[in-house]
Number of protein chains: 2
Amino acid sequence: MTAARPPEEAARLETVTAVAAVTAGEVLAGYLHCQATEFLRSLRLHGESGSDAEDATEAARLLRRSARRIAGTVHVYRPLTDVDWTDQLRTELVWLSQTLGREHAYAARLARLRGALHRLSGEDDRAGGGLTVGAARAGALLDRQLTLARTRAHSAALQALGSSRFHAVADAVAVLASEVPLAPAARELPAGEALPHLAEQAHRRLAEAVEALPLSVAGLPYNAEALTHGLAATPSGDAPPAEGRQDAPWHQARRLVRLRRYAQEVLDEQQRADEITAEPTLSVRLLGAGQALDRHRDAAEAAAAAAHAARTPRIAPATAYALGVLHADQRHEVEAARYAFGRSWQRLTAAAT
Amino acid sequence: MTAARPPEEAARLETVTAVAAVTAGEVLAGYLHCQATEFLRSLRLHGESGSDAEDATEAARLLRRSARRIAGTVHVYRPLTDVDWTDQLRTELVWLSQTLGREHAYAARLARLRGALHRLSGEDDRAGGGLTVGAARAGALLDRQLTLARTRAHSAALQALGSSRFHAVADAVAVLASEVPLAPAARELPAGEALPHLAEQAHRRLAEAVEALPLSVAGLPYNAEALTHGLAATPSGDAPPAEGRQDAPWHQARRLVRLRRYAQEVLDEQQRADEITAEPTLSVRLLGAGQALDRHRDAAEAAAAAAHAARTPRIAPATAYALGVLHADQRHEVEAARYAFGRSWQRLTAAAT
């Protein structure tokens with residue numbers, strides 16, 4: 001996974017070897033220090049945003065961004081850290097990131113479903129005649145349900161930010177911003193050895209998860225797999241378990257791609273420290289693969305929201321019909337995202353070998 | 001479009017030239033004679049089938065098969081025929097083929113929608129839990145509506161077969177089976193010149209129609225085009241006009257592929273008569289392209305049937321929801337068929353040049 005050194009650099013080998021004495025601990029602490037600083041800055045911005053909803057949303061997004069990176073990094077590079085301390089921090093950051101992420105997720109889901117309703121009404125082309133009554137009602141119903149969910153998530157997020165649990169997380173991140181609790185070994189191991197080794201392990205876990213995915217089916221366009229359980233009877237409960245079961249390994253791959261991507265950010269730091277020109281292809285392809293799986297998750301959740309809305313009592317048949325079309329459309333997007341991920345992964349593995 | 005003669009055949013050129021004196025009229029009459037004989041044989045089989053529904057269905061299928069070929073052939077090779085006589089025959093054969101085809105179409109549509117409902121309920125995999133209540137009710141509703149339509153089509157077909165209009169068609173086909181009314185020129189023109197020339201014209205009409213299709217969009221998997229009007233408001237009436245407008249040029253291409261395929265069957269006869277080894281690739285690819293467009297038509301009509309059923313008064317929301325999923329699923333199939341046709345057409349044009 002390390003970038004190959006071109007032959008003309010051989011003359012500079014001595015310099016490189018000298019610089020390569022950078023330790024794993026130094027690089028990892030440097031990266032975590034930056035992310036912790038970002039976290040604290042976003043937290044300050046959030047506090048200062050006052051009644052400006054847009055600023056607050058952006059600050060929360062940046063807060064989650066650093067929280068995910070810190071949690072992901074101490075996960076991948078766990079053996080280099082003081083695990084008693086970082087395991088605890090990681091759990092709390094995952095809680096925070098999920099709690100703060102929900103409001104955004106509901107807003108994005110509503111925007112996605114609204115967009116789909118407009119697309120399905122052919123509003124983008126001149127021949128389109130606007131929404132049907134059913135589609136308009138379905139839109140209003142989703143609007144009501146998802147706005148309510150969003151408002152609740154907003155209150156929960158505000159409550160979380162005011163809790164002592166959150167203050168403890170912020171204190172821990174402040175520690176990270178001054179001195180990262182590392183394992184003693186991290187201060188001795190050369191960065192160029194220890195970090196690629198652990199990133200490689202994260203890569204292997206990802207590759208194994210991807211190998212278990214039905215990529216040969218997903219690679220055939222229009223395989224109609226994602227909707228296979230669109231009308232399957234479910235024993236009880238909210239979410240359609242069959243679709244959820246089908247989606248779960250893809251969601252897991254999404255999380256592993258993200259971990260691998262954060263691991264790469266640390267490696268890129270190390271390569272900068274070691275004055276090796278980082279190969280950007282892998283980072284870009286990991287980003288592409290991750291985006292396909294983000295789209296997979298978003299479409300799957302939007303499809304579930306449409307199915308959930310269709311179970312609202314006393315809705316009109318036309319509304320239910322539109323929600324059925326919407327559900328199938330989003331499952332179609334799920335399938336498209338799997339197809340896109342398959343191609344993305346092919347390019348990624350081709351670049352890595 | 002004619003098959004190239006390998007160089008080693010040069011020695012046999014004299015023989016070939018002698019045989020090439022076969023006239024266009026002879027080849028065309030030979031082909032039409034065979035099809036007319038098939039038509040009359042199927043008609044006899046239909047009469048003898050009595051109460052055996054399966055035999056009657058098969059006989060009707062064969063009857064339509066020859067009727068379509070005769071009508072198509074006298075269309076493509078029109079200038080070689082006595083047009084006053086063949087234009088009239090063609091109109092009547094198209095009427096007959098449509099009247100007899102409806103029963104089969106309704107049966108096939110119901111089978112397609114039932115199959116889709118089962119697929120969507122995940123019945124094929126062990127995790128599947130059977131149909132939802134809505135899906136089961138949607139199936140029952142479609143069953144009722146399409147079985148009723150099928151029964152009506154069956155009566156209409158029987159009535160048509162007993163009509164004096166039909167007897168006139170059968171008489172005309174009997175004429176074709178003994179002596180084909182040709183244009184005087186057809187008895188003089190060499191088959192190897194006149195027939196490929198007219199087939200080429202049919203090919204050009206097809207190529208122009210295909211060029212007007214949005215193949216660059218259709219060639220991108222998951223372009224979501226076919227469902228763009230899935231929820232578009234329609235001023236009034238039964239069929240969703242926006243989807244119908246989008247599908248029409250593809251249906252037209254389907255008819256032109258079929259004409260080109262029948263034209264090729266006559267050319268293959270001519271090449272056999274001229275002792276040229278026919279190149280089967282083109283026929284096979286025309287068949288493949290036609291099958292993709294058949295699937296396009298079938299899926300589009302099944303989607304329309306699901307949408308139509310959803311407008312039944314007083315259905316339960318769960319039924320309407322299932323019909324919405326079914327509609328979107330079939331429009332997804334429409335899109336898949338366009339994608340398949342695009343690839344098929346690429347191979348076809350690659351083979352022709």
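**A helix pair in chain A**

Reply: Helix 2 of chain A and helix 3 of chain A run roughly antiparallel to each other; bear in mind that this is a predicted model. That label follows from the angle, because anything over 145 degrees counts as roughly antiparallel, and the axes of helix 2 (residues 24-48) and helix 3 (residues 53-76) of chain A cross at roughly 155°. Those axes also come within 8 Å. As for handedness, helix 2 of chain A passes helix 3 of chain A in a left-handed crossing.

Now for the side of each helix that does the touching. Helix 2 of chain A brings residues including A:Leu28, A:Tyr31, A:Leu32, A:Phe39 and A:Leu43, while among those on helix 3 of chain A are A:Ala56, A:Leu63, A:Arg69, A:Ile70 and A:Val74. Sorted by class, this contact has 15 nonpolar, 5 polar and 2 charged residues.

Stepping out to the chain pair, 42 residues of chain A are in contact with 42 residues of chain B. Together the two chains bury about 3,500 Å², with 67% of it on carbon and sulfur atoms. On chain A's side, A:Tyr222, A:Leu231 and A:Tyr321 supply 26% of the area buried against chain B, more than any other three residues.

B:Thr319 has a relative accessible area of 3%, so B:Thr319 is buried. Leaving aside neighbours within four places in sequence, B:Thr319 is in contact with B:Gly134, B:Arg137, B:Ala138 and B:Leu141.

Note on methods: Residues are numbered from 1 along each chain as its sequence is written. Chains are lettered from A and ligands numbered from 1 in the order in which they are written. This is a predicted model: local features need pLDDT of at least 70, side-chain atom pairs count only at pLDDT 80 or more; totals for chains, interfaces and linings use all residues. Side-chain values use heavy atoms; hydrogens and water are left out. Axes are lines fitted to C-alpha atoms, for helices over the stretch in contact, and angles run from 0 to 180 degrees between N-to-C directions. Helices (H or I, at least four residues) and strands (E, at least two) are DSSP runs, numbered from the N terminus. Angles under 35 degrees count as roughly parallel, over 145 as roughly antiparallel, 65 to 115 as roughly perpendicular and the rest as oblique. A crossing is left-handed if the near helix is turned anticlockwise from the far one by less than a right angle, and right-handed if clockwise. Contact means heavy atoms within 4.5 Å. Ala, Val, Leu, Ile, Met, Phe, Trp, Tyr, Cys and Pro count as nonpolar, Asp, Glu, Lys and Arg as charged, and the others, Gly among them, as polar. Buried means under 20% relative accessible area, exposed over 50%, partly exposed in between (1.4 Å probe, protein chains only). Buried area is the accessible area (1.4 Å probe) that two parts lose on being put together, summed over both.
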